[in-house]
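User: I have a model open and want to walk through it with you. Can we take it piece by piece?

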Amino acid sequence: MGDLSNGRGGSSVHVIQPGDSGFATTRVDALLNWAKKYSLFQYPYVTACCAMEFMAMASPRFDMARFGAEAPRFSPRQADLLWVVGTISQRQAPALKRIYEQMADPKWVLAFGTCASCGGFYDNYTTLAGIDKVIPCDVYVPGCPPRPEAVIDGLLLLQDKIARGDRTPGIVKPRTDPLVMGPDGIELVQIGKKPVLDGGSEA
Amino acid sequence: MSKKVLDLLQEKFGAAILATHAQFGDDTAVIEPGSWRAVALFLRDDPRLGMNMFTDLCGVDYLNQRGEDEPRFEVVCHLRSLQYAHRIRIKSRIGDAEGETVEIDSLVPVWKGADWFERETFDLMGITFKGHPDLRRILMYPEFKGAPLRKDYPASKTQPLIPYREGTLDKLFPFGPDEGMAFGRQTHDYRNDRGES
Amino acid sequence: MEPLDQDLAEGELELPSEPMLLNMGPSHPAMHGTVRIVLELSGETIMKSDVQIGYLHRGFEKMCERGTWTQIFPYADRLNYVSPMLNNVGFALACEKMLGVTVPERCQHYRVVLGELARICDHMICSGAMCMELGAFTPFLYFARAREIIWDIFEEETGARVTHSFGRVGGMAKPPTADFKAMIRAGLPRVMQMVGEGEKLILKNRIFLDRVEGVGKISKEDALALGWTGVCLRSTGAAYDVRKTHPYMTYDRYDFDVPVGTQGDNYDRFMCRQDEIRQSIRIIDQALEMMADSGPINIDDPRIVLPPKEDVYTTIEATIQHFKIVMEGIKIPAGECYSYTEGGNGELGFYLVSDGSGTPYRVRIRPPCFPIVQGLSQLINGRMIADVVPTFGSLNMIGGECDH
């Protein structure tokens, strides 16, 4: 139908034609992606030792809630992010697949830990060597168990991917934040900022 | 102190006790398979022994470790008495070299706790317990064939329940440029850190 | 439901019905992820239950048969992953029992301190998870925050927060750091304060008490016959604690009590755990007093302990020693041995069979929570579905250990 504009000037509304990837669509997509990434309802499919770091991440110190991903929904129908935390055995694999299939689109999968990513050091008769053998996975967070900071890296990576609409799987790389020798010893440098003294281990 | 456990056993059962030892301080008695349950009842009911705590039951596969005619498997049971605080290990040698008929009496009528331990030994070692109320797999799934803890079962032989997906991602290093954290990628060249390229 | 023209004096109206089968798990928030309970229900009441474990079976015993004795430590850590130090120490003690050696006293105190810190973590998380599953999220957050303080200590000492793999046959991987005692003395009062706050929130709560008191009761004789040990057995009245009855390492030198319950219900198990946290803090304080500030941590035996790295790179004897221990493994004499310690859940036993070479022939773990979960069926039959949650939570089943 073309452009609608109100006679007094100001912004015009562009009505979207079929096959038209115009300004409004991109903005709407961006808005939807923004909403999706900051309100991930997680399904914590928790099995093993990585559960300890998962609990630590949900705890006040590392606080997953500040990224919008706190609310666990223990029904796959209500969740959109499947956190596979811990080793998946061959016996558990059908249950995992079932849960993944029961989730509604859009859905993402985060493999938390080495056992979920590739089976870990349990290369034996009973372990599934990585969940991507049965379900597609979006982010792999290696570590045995990964530090909560690494998992938050993975969550932020996933949020970036959601914002870009990118479905290629990504792996969280180990990260060393730059350290400099200051007058009082080692100082942690926050990227983009001047060197600040590490204030200690209290939260 | 616990020596008397072995002495009492030998007094009562004589020929059914094939061997005893106390290596590393653990009293052990090797029992003939036919008297397995009788020995267990004696250990539980005799007032001087009073083994009322069932501690452990497992199987060991001695494939090719012993002579040709020796039984291949061993069932090992650990017991303890709450009152006297003494322990004993009773073992029995069973089974043929192929591992086809490996059977022994169940101890569930003596101690309720033997239930799951015997199921686990049945599951992982393939030892059948006669008289067990509900002998089925416990740690592995029912569709699994074979006894994984036997020495002739290869450790990495999997029996998947569902078929794997096609074309799973090849996760070999080096990772693509698109992977990893955005800010980490910009300020850190991991390869330079390690001196590669 | 009964039609009004029925004569009620003839007895109950019999409706033909089949029991309903309800499946809880294996992916369930309150099943600790890895247990499937198939319930046969009549209304809300459980008629029969079938507890199916094995969803986390990772083949620990088969993995141990490849490699050397020292390579088992990472696997042992992941058994009871809430208190990994206790498993490490338990396995190291089993190997040392077979070798016939004892670690130096400083190492024993060190192992005790780290083990008791791990035990505090275990009990806090069990109680916290149980509260969370009952709907009380805040005590869990308090206990988890307190656990972070302990994990900071572990991270400083061992390099890892969870699954440290720090134990070695004949000692520990590294000696204690310089700030070891100071960090613990500074951290533990804060831990105790947080535990106290979490308890204050929950222990007078009518709902919590109604859900745990009188629920999941078991008698002492049943518990003994089932093979229960640890907190679950002590809550029924049997005072069996491996640290007191068969003291190992330096446990006979500390002055601590063992809390024993009376009823054997969920409330007793919960309270026993909370009391044990306080007793563990007492043990840690005493061990820190008794622990020397300098001295060897590892045994001075070239067949068991790796030599210092400087020597490995400069002398030939140390190189050969290093090579033999790493490539061939520690040569434990042939035979079999059962060694037990007090793990987080009870008597953690390792039954080792060695054939004299550096590779283990058979490593059997006697998981403390395996017989405890065996008794779950008995505890929940006849009760309602809602009782399954606190009962199962109070048993502290750890999947890695139960399913090894």
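**A buried threonine**

Analyst: C:T163 counts as buried, because it has 23 C-beta neighbours inside 10 Å. Buried means 20 or more other C-beta atoms within 10 Å of a residue's own, exposed means 12 or fewer, and partly exposed is in between, with C-beta atoms placed from the backbone. This is a predicted model: local features need pLDDT of at least 70, side-chain atom pairs count only at pLDDT 80 or more, and totals for chains, interfaces and linings use all residues. Residues are numbered from 1 along each chain as its sequence is written, while chains are lettered from A and ligands numbered from 1 in the order in which they are written.

User: Where is C:T163?

Analyst: C:T163 is in the loop between helix 5 and strand 4 (167-168) of chain C. Helices (H or I, at least four residues) and strands (E, at least two) are DSSP runs, numbered from the N terminus.

User: And what is the phi of C:T163?

Analyst: Positive, about 45°, although C:T163 is not a glycine. Most residues other than glycine have a negative phi. C:S165 also has a positive phi, about 50°, and is not a glycine.

User: Is C:S165 buried or exposed?

Analyst: C:S165 is buried, because 21 other C-beta atoms lie within 10 Å. Its place is in the loop between helix 5 and strand 4 of chain C.

User: Switching to peptide bonds. Which residues does a cis bond join in chain A?

Analyst: A:D105 and A:P106 are joined by a cis peptide bond, with omega about -10°. A:P106 is in the loop between helix 3 (93-102) and strand 5 (108-112) of chain A. The bond from A:C144 to A:P145 is cis too, with omega near -15°. A:P145 lies in the loop between strand 6 (139-141) and helix 5 (148-164) of chain A.

User: Chain A touches chain C. How many residues are in contact?

Analyst: 25 residues of chain C are in contact with 29 residues of chain A. Contact means that the C-beta atoms, placed from the backbone, lie within 7 Å.

User: Which element of chain C gives the most to that side?

Analyst: Helix 5 of chain C, with five residues. The elements giving two or more residues are helix 1 (60-64), helix 5 (137-158) and helix 17 (399-402) of chain C.

User: How do the residues on that side of chain C divide?

Analyst: Ten nonpolar, nine polar and six charged. Nonpolar here is Ala, Val, Leu, Ile, Met, Phe, Trp, Tyr, Cys and Pro; charged is Asp, Glu, Lys and Arg; the others, Gly among them, are polar.

User: Now helix packing. At what angle do helix 6 and helix 11 of chain C pack?

Analyst: Helix 6 (residues 180-202) and helix 11 (residues 266-290) of chain C pack at about 165°, with axes 11 Å apart. That makes helix 6 of chain C roughly antiparallel to helix 11 of chain C (over 145 degrees). Axes are lines fitted to C-alpha atoms, for helices over the stretch in contact, and angles run from 0 to 180 degrees between N-to-C directions.

User: Left-handed or right-handed crossing?

Analyst: The crossing of helix 6 and helix 11 of chain C is left-handed, meaning the near helix is turned anticlockwise from the far one by less than a right angle.

User: Which residues meet there?

Analyst: From helix 6 of chain C, they include C:I184, C:L188, C:M192 and C:V195. Among those they meet in helix 11 of chain C are C:I277, C:I281 and C:I284. The contact divides into eight nonpolar, one polar and three charged residues.

User: On to sheets. What is the order of the open three-stranded one in chain C?

Analyst: 6-7-8, with antiparallel pairing. Strands pair if DSSP finds at least two bridges between them. Strand 6 (335-342) and strand 8 (360-366) of chain C are the edge strands, each pairing on one side only. Neighbouring strands of the sheet are turned by 15° on average, direction ignored.

User: How many bridges join strand 7 to strand 8 of chain C?

Analyst: Six, and the two strands run antiparallel. C:F350 stands opposite C:I365 in strand 8 of chain C.

User: Last one: which helix lies across strand 6 and strand 7 of chain C?

Analyst: Helix 3 (residues 84-99) of chain C, running at about 145° to strand 6 of chain C.

Conventions: Two residues are in contact if their C-beta atoms, placed from the backbone, lie within 7 Å. Angles under 35 degrees count as roughly parallel, over 145 as roughly antiparallel, 65 to 115 as roughly perpendicular and the rest as oblique.
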